[in-house]
Amino acid sequence: MRHPLLTLALSAALAAGCAREAAPPADTAPAAAPAATATTPAEADRDEHSYAEPHKVRITDLALDLALDFAAKTLSGTAIYTLEWRDPTATELVLDTRDLRIVKAEGLAADGSWQPLEFALAEKDKTLGSKLTIRAPQRPQKIRVGYATSPEASGLQWLTPAMTEGKKTPFMFSQSQQIHARSWVPLQDTPSVRFTYSAHVTAPKDVMVLMSADNDPNAARDGDYSFRMPQPIPSYLLAIAAGDLVFKPIGARSGVWAEPTMVDRAVAEFADTEKMIRTTERLYGPYRWDRYDMLVLPPSFPYGGMENPRLSFITPTVVVGDKSLVALIAHELAHSWSGNLVTFSNSKHAWLNEGFTSYVENRIIEDLYGRERADMENLIERNELREEYATLDPKLQMLALKPGTLADPDETSTATVYTKGAWFLQFLEQRFGREAFDAFLRGYFDKFAFRSIPTETFLAHLKSELMAKYPGKVTEAEIEEWVYGPGVPASAPQVSSPRLEAVDAARKAWLDGGALPDKAVTAKWSTQEWVHFVEGLPETLPVERLAALDAAYRFTGTPNGEIAQRWYPLAVRSGYTRANPAIAAFLQKIGRRKLIMPTYTALAKTPEGLKFAEEVFARARPGYHPITTASVEAVIAKAKQGTP
Ligand code: BES
Ligand code: ZN
């Protein structure tokens, strides 16, 4: 199971979400309106995770002027919004914030001066943060807000020099998706609003600052940086990082930013990036964001990757030396089409970003490394989906989620949005044929470029551009079942992988009392085969059996996080305490949620395990990102409560 934690968190999220649904959202039609009045499209697809009212007034451009202070762990300064007033009666700008100190709000007057505006910061909601209402009766074209972030901002992590590779310079980075941009910029923090941005950032002179914008590989490190993002992006793609960062090129328009000790290894690992860009362009049209660079973060980065435009943020845990985990690069690059160009309108449609991207990722892998590798990666994902679906609430197994399903948008089901989403597109590809489907997808990215859309807009396009043109290939009922039904439809195409079948046979032979697979055989195994080998082992094994595996393959202490993610929970469940020191070291070094949560979850199942988990967490916590800290705390709290 990929995210055992999420499954637990989700049942709670679901309950909370339903409760919220019962209360009318802030911007539904006035109570006086007759019940039968049709809701406007904007209301029908309302973003439950934002207080913003973009149908009244919209931010079209953001201009930041910020000072970065490592000692105070704050960003502070001003944000200027260019506004498009849409509703003629609107006189307020409502923004999302979380833990921000709002110093002032001003409107640009006709004479060019800034005039103070009244504002109110509402009480904090645990998930959504605080609604900031700025009264602007003159409906100014620009509003300026002065603010400062909190050292605890959920979307930022501040690292001391000791927490970096180089140990000399502090480091900070943002992670805005899904709703953490509001913890470092007051914003209409919903993907349905797109804006261009510019930024001026000051920092200590020895620190390089980068953003999801036009970073200059040759920029002088002088503590004074300016950025521009001329294409309109949603708020969750706003990103910043600062530290001892150097640049090395991969190709003419791609390269790696990283700490000096990491940059060469990363350039070697990601050497195929230029080829990936070319493949994706051949399939889906030009790369529209100018440069594609990658920033390799410290191991505390809570995700595998984040598709910040022009500068993907990447975990160092994929730099394993054999390019076996570069599907992650293909994935973040693919978002340059699916997600950054055509964007979901809100988290209920997360699959439009992640499912499409997982599909494109797999096409890139197939093109560069062959069908066999692409199929292996597909099968591993689908096995995880099968496991997750054994216990996952059916409401979270639908591609398009119903209103009120998600309390916290960080807790979508990976299996659904990524794997079922991609599988649906693989189903369509199979039925319509690759040629027709590729042309269709390319047309979709063109038609909806720089727009934010709900599932229904995609479905209408699918019906007019594919189903109507090639009748009889797919029925409406089949589409309905994929998008609005739970589980995986029987129409899902199957793949097989001879290489994974060979792994199954080798594992079975050993479990049945035979010898372990020969070194000559396993020497040729890739990460995918090792992952499959460990995943297929029983829930628990006698400790001497685990010791035999360790003697042969040295799983304990593996530098490969994908293997560790699966091996350590098995060790914990089996009472193989010899692995404990390595487990502690792993949990202290790595902050990537996907890799470490299964081990915390396994530990929390027994009193001794829980005690060990708490000890390790206490030591690891100062180095964890707020998102990871929250996940670990939730697992420990739940275990302490005891299951009802
Ligand atoms: N956009 C996601 C990361 C994300 C999703 C952050 C939802 C916050 C909320 C990114 O593109 C992603 O999918 N990352 C994956 C890696 C991928 C290869 C499956 C991850 O981090 O595990
Ligand atoms: Zn993604």
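This is a predicted model: local features need pLDDT of at least 70, side-chain atom pairs count only at pLDDT 80 or more; totals for chains, interfaces and linings use all residues.
User: How many residues surround ligand 1?
Analyst: The closest ones are Gln177, Gly304, Glu307, Glu332 and Tyr418. By type, the shell divides into four nonpolar, six polar and three charged residues.

User: How far is the polar side-chain atom of Tyr418 from an oxygen atom of ligand 1?
Analyst: Let's start with the histidines. The side chain of His331 has an N or O atom 3.0 Å from an oxygen of ligand 1, and for His335 the corresponding distance is 2.9 Å. For the polar side-chain atom of Tyr418, the distance to a ligand 1 oxygen is 2.6 Å.

User: Why is α5 largely enclosed by the rest of the structure, and how many of its residues are buried?
Analyst: Go through the helix and you find Ala327, Leu328, Ile329, Ala330, His331, Glu332, Leu333 and Ala334 on the buried list. That's why α5 is largely enclosed by the rest of the structure: the buried count is eight of eight.

User: Is His331 buried or exposed?
Analyst: His331 is found in helix α5. Its relative accessible area is 8%, and the cut-off for buried is under 20%, so His331 is buried.

User: Which residue makes a side-chain polar contact of 2.8 Å with His331?
Analyst: Leaving aside neighbours within four places in sequence, His331 is in contact with Glu354, Thr357, Ser358, Glu361 and Tyr418. The 2.8 Å polar contact joins its side chain to that of Glu361.

User: Which residues coordinate the zinc ion (ligand 2), and what spacing do the donors follow?
Analyst: The donors are His331 (NE2), His335 (NE2) and Glu354 (OE), at 1.9 to 2.1 Å from the zinc ion. Both His331 and His335 are buried. Along the chain, the spacing of the donors is H-x3-H-x18-E.

User: Where does Ser358 lie, and how far is its C-alpha from that of Ala422?
Analyst: Ser358 lies in helix α6 (residues 350–369), and at a relative accessible area of 11% this serine is buried. Beyond its neighbours within four places in sequence, Ser358 is in contact with His331, Tyr418 and Ala422. Ser358 and Ala422 are 64 residues apart in sequence, while C-alpha to C-alpha they are apart by 5.6 Å.

User: How far apart in space are Met276 and Pro299, C-alpha to C-alpha?
Analyst: Met276 sits in helix α4 (residues 273–284) and counts as buried at 2% relative accessibility. Not counting residues up to four places away in sequence, Met276 touches Val326, Ile329, Ala330, Leu333, Ile364, Leu368 and Tyr369. Pro299 is 23 residues from Met276 in sequence, and in space the two are apart by 25 Å.

User: What is the phi of Phe450?
Analyst: Phe450 lies in the loop between α9 (434–447) and β21 (451–453), and at 24% relative accessibility this residue counts as partly exposed. Its phi is positive, in a residue other than glycine, with a value near 60°.

User: Arg554 has a positive phi too; is Arg554 buried or exposed?
Analyst: Arg554 isn't a glycine, yet its phi is about 50°. Its place is in the loop between α15 (543–553) and α16 (561–573). With a relative accessible area of 66%, against a cut-off of over 50%, Arg554 is exposed.

Notes. Residues are numbered from 1 along each chain as its sequence is written. Chains are lettered from A and ligands numbered from 1 in the order in which they are written. Side-chain values use heavy atoms; hydrogens and water are left out. A residue is near a molecule or strand if one of its heavy atoms lies within 4 Å of it. A polar contact is a pair of N or O atoms within 3.5 Å; within protein, one must be able to donate a hydrogen and the other to accept it, and residues adjacent in sequence count only if both atoms are side-chain atoms. Ala, Val, Leu, Ile, Met, Phe, Trp, Tyr, Cys and Pro count as nonpolar, Asp, Glu, Lys and Arg as charged, and the others, Gly among them, as polar. Buried means under 20% relative accessible area, exposed over 50%, partly exposed in between (1.4 Å probe, protein chains only). Helices (H or I, at least four residues) and strands (E, at least two) are DSSP runs, numbered from the N terminus. Contact means heavy atoms within 4.5 Å. Donors are N, O and S atoms within 2.8 Å of the metal (3.2 Å for Na, K and Ca); water is not among the atoms, so sites may look incomplete.
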